[in-house]
There are 2 protein chains.
Amino acid sequence: MASSEYTIPMPPWIKTELENSPTVYPTLEERMRQVIKFSQHNIDHKTGGPFAAAVFEEETGKLVSMGVNRVMPLNCSSLHAEIVALTLAQLKLQTYDLGGPGQPCHQLVVNWRPCVMCYGAVIWSGIKSLVIAGSGSELEEITGFDEGPMNSDWKNELEGRGINVVDDLLTGDAVRVFQSFKSRNMHVYNSREG
Amino acid sequence: MASSEYTIPMPPWIKTELENSPTVYPTLEERMRQVIKFSQHNIDHKTGGPFAAAVFEEETGKLVSMGVNRVMPLNCSSLHAEIVALTLAQLKLQTYDLGGPGQPCHQLVVNWRPCVMCYGAVIWSGIKSLVIAGSGSELEEITGFDEGPMNSDWKNELEGRGINVVDDLLTGDAVRVFQSFKSRNMHVYNSREG
């Protein structure tokens, strides 16, 4: 009946890929390019949906964690890339608040705007900066993914909570991954199949 | 640099407590009473915040999973009780959609309304019923917990997505746990400490 723990495995390719990648990404473009690359890898390896997210030290660009969507392979609907990346960063740094005292500001870089669940997760994580490749209707139109009932003023709400938002960074590159995903007839799950 | 997995342990007392508890809860009151009891246990044992959530088979009342808040002990801001309970249920049943074909309808019972993150998690989980002890300002007033920028029409949004909502079940019992939490000067984290 009662589980004493649960374990969330990362795709095997991530470790190798990260070991062969830089550890520091000085510009926002370099950070986003790396995230988009991992979103493509995740569909190429069939290890989840076309999403990746990474936590960086905002000032230095040091990579803290990289997460990818794991919903379907692991049978867990909350394993969006943002939740995975934020969890890995918090467990690594041993803090539930990435914006807590005595540490550098942290930034989350994602290949599209968060869904309503990840919007909340971003706020609770303590990050001070959110960088996204886009926030328009392209994602939902191309992939069928549903972002859920977002607060219409979501961007200002984040800003009001001390989270700076940078939007529309390498949008075309991000969209190309969604199109590649779509062209393979791959499936995005977020509820309402039953 | 790269973690190959992460593990989320449950508090040791949960296993014993569940082994000594019924496996079936015919009425909604019995389900909520058990959830509220576990929210109290979680603060008594100092294993997290004053929140518990359980997934039941809606018709039979069979308990599928019980989760409690693990944010501060495990250093992970997304480990709200709802996320833990839904994850345990999905991993146990090996499905990312608790409302998928060929299975009974599932219900999530929680000792207060979800924050914005868990609101999204509830939608993506596939559950068809959400039962909460309350949704008013008591929780935020007593504990200082922040529910985040919720969609103001959140309840109708859930109903429109096929999730039936039952509110105000054993509200007074739930509030007493928050008051007990408050009286011990315990701390609820959700961001903005830094």
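Predicted model: local features only at pLDDT ≥ 70, side-chain atom pairs only at ≥ 80, totals over all residues.
Two residues are taken to be in contact here if their C-beta atoms, placed from the backbone, lie within 7 Å.

Select residues 171-183 of chain A, which form helix 8, a run of 13 residues whose first and last C-alpha atoms are 18 Å apart, close to the 18 Å expected at 1.5 Å a residue. Within helix 8 of chain A, now colour A:A174, A:V175, A:V177, A:F178 and A:F181, which are its buried residues. Because these residues cover an arc of only 150° around the axis, they lie on the same side of helix 8 of chain A. On the face of helix 8 of chain A turned away from its buried side, look for the exposed residues A:G172 and A:S183. Following helix 8 of chain A, pick A:N185, whose phi is positive, near 55°.

Next, show the contact between the chains, which takes 56 residues from chain A and 56 residues from chain B. On the side of chain A that touches chain B, at least two residues each come from strand 1 (5-9), helix 1 (12-19), helix 3 (71-74), helix 4 (81-93) and helix 5 (116-125) of chain A; helix 5 of chain A gives the most, with 8 residues. Coloured by type, that side of chain A divides into 26 nonpolar, 22 polar and 8 charged residues.

Finally, select strand 1 of chain A together with strand 1 (residues 5-9) of chain B, which run antiparallel and are joined by 5 bridges. Centre the view on A:E5, which stands opposite B:P9 in strand 1 of chain B.

Note on methods:
Residues numbered from 1 in each chain as written. Chains lettered and ligands numbered in written order. Helix = DSSP H or I, 4+ residues; strand = E, 2+ residues; numbered from the N terminus. Expected span 1.5 Å × (residues − 1). Buried ≥ 20, exposed ≤ 12 C-beta atoms within 10 Å, placed from the backbone. Arc of directions from axis to C-beta. Nonpolar A, V, L, I, M, F, W, Y, C, P; charged D, E, K, R; others polar. Pairing = 2+ DSSP bridges.
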